[in-house]
Amino acid sequence: SVFLVRWAGVDPRDGAPLWYDLNGNLTRVHNAANRVIIGDSSPDFSGSFLNGFSYHGFTLSVNLLFTKGGLAFSSLRRNAESDGLNLLEENQSKNSLDYWKNPGDLAMNPRLSAISTSSTLNSSRHLHDRTHIRINNASFGYSLKSQWLEKVRLNSATVYLQMDNIGFWTPYQVRKDRNTYRNSFEPWPEVRTISVGTSFSF
């Protein structure tokens, strides 16, 4: 189970961080005694599909991964959205640009501070739904016809196009969030690669 203090956002009056106490009331004090069970880290289910199709010499294979449910805490985002605390020592998230500046601001993050700030303490602020669908790999190929191969004395010849890290979808992503779900857990983006190749046999 995930056992954390519940994050309540930012006070628009002065930019102070807010949490919920055990009774669901707003509080400005982060207290471990207010931790509650928020959910489970284990997904409801997960799996993958590997589909292959062929038609008149053309082949297509797609590898799809999926996860439904479960919660994950991002310590990377906790450190990269430090509300000014780690600003001079570490790279910071683009989300840090959305911080409280003036009374009435409805900001994602509290006011900046270069000294120890309670807003970076563990809470549900950086807790994310693990639900996602990922197209991990796809390959498209074509095997040349035998009458063509005979002319060049080949037994077989195939040309193919392969792509990795094609797509990633999750309901966690919101327009206001400048980071992707994967960037919340990895400091570098996963590269989408495209490969073209041929194979022959004599």
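**Terms and their grounds**

Mentor: Along the sequence, the protein reads β-β-β-β-β-β-β-β-α-β-β-α-β-β. This is a predicted model, where local features need pLDDT of at least 70, side-chain atom pairs count only at pLDDT 80 or more, and totals for chains, interfaces and linings use all residues. Residues are numbered from 1 along each chain as its sequence is written, and side-chain values use heavy atoms, with hydrogens and water left out.

Trainee: How many helices and strands does the protein have, and what makes a run count as one?

Mentor: The protein has two helices and twelve strands. Both are DSSP runs numbered from the N terminus: helices are H or I with at least four residues, strands are E with at least two.

Trainee: Why are Phe45 and Phe66 called an edge-to-face pair?

Mentor: Rings of Phe, Tyr and Trp (its six-membered ring) pair if their centres lie within 6.5 Å; planes under 30 degrees apart are stacked, over 60 edge-to-face and the rest tilted. The search of the whole structure gives five aromatic pairs. For Phe45 and Phe66 the centres are 6.2 Å apart and the planes make 65 degrees, so the pair is edge-to-face. The two residues lie 21 residues apart, Phe45 in strand β6 (residues 45-55) and Phe66 in strand β7 (residues 58-68). Ring pairs also bring in Phe49, giving a cluster of Phe45, Phe49 and Phe66.

Trainee: Are Phe45 and Phe49 buried, exposed or partly exposed, and on what grounds?

Mentor: Buried means under 20% relative accessible area, exposed over 50%, and partly exposed in between (1.4 Å probe, protein chains only). Phe45 has 47%, so Phe45 is partly exposed. Phe49 has 46% and is therefore partly exposed. Of the 202 residues of the protein, 33% count as buried.

Trainee: Which residues does Phe49 contact, and what makes that a contact?

Mentor: Contact means heavy atoms within 4.5 Å. Leaving aside neighbours within four places in sequence, Phe49 contacts Val62, Asn63, Leu64 and Phe66. The C-alpha atoms of Phe49 and Asn63 are 5.7 Å apart, although 14 residues separate them along the chain.

Trainee: How do you know that β6 and β7 pair?

Mentor: Two strands pair if DSSP finds at least two bridges between them. Eleven bridges join β6 to β7, so these antiparallel strands meet the condition. Within this pairing, Ser46 stands opposite Thr67 in β7. The hairpin of β6 and β7 has two residues between the strands, and His56 there takes a positive phi near 50 degrees. β7 also pairs with strand β10 (residues 132-143), antiparallel, over ten bridges.

Trainee: What makes β2 and β4 edge strands?

Mentor: The open sheet has the order β2-β3-β4, with antiparallel pairing. β2 (6-10) and β4 (26-27) each have a single partner strand, so one side of each has no neighbour in the sheet.

Trainee: How do you know that the charged end of Lys101 sits over the ring of Tyr99?

Mentor: NZ of Lys or CZ of Arg must be within 6 Å of the ring centre and within 35 degrees of the ring normal. The charged end of Lys101 is 4.2 Å from the centre of the Tyr99 ring and counts as sitting over it. The charged end of Arg125 likewise sits over the ring of Trp7, at 4.8 Å from its centre.
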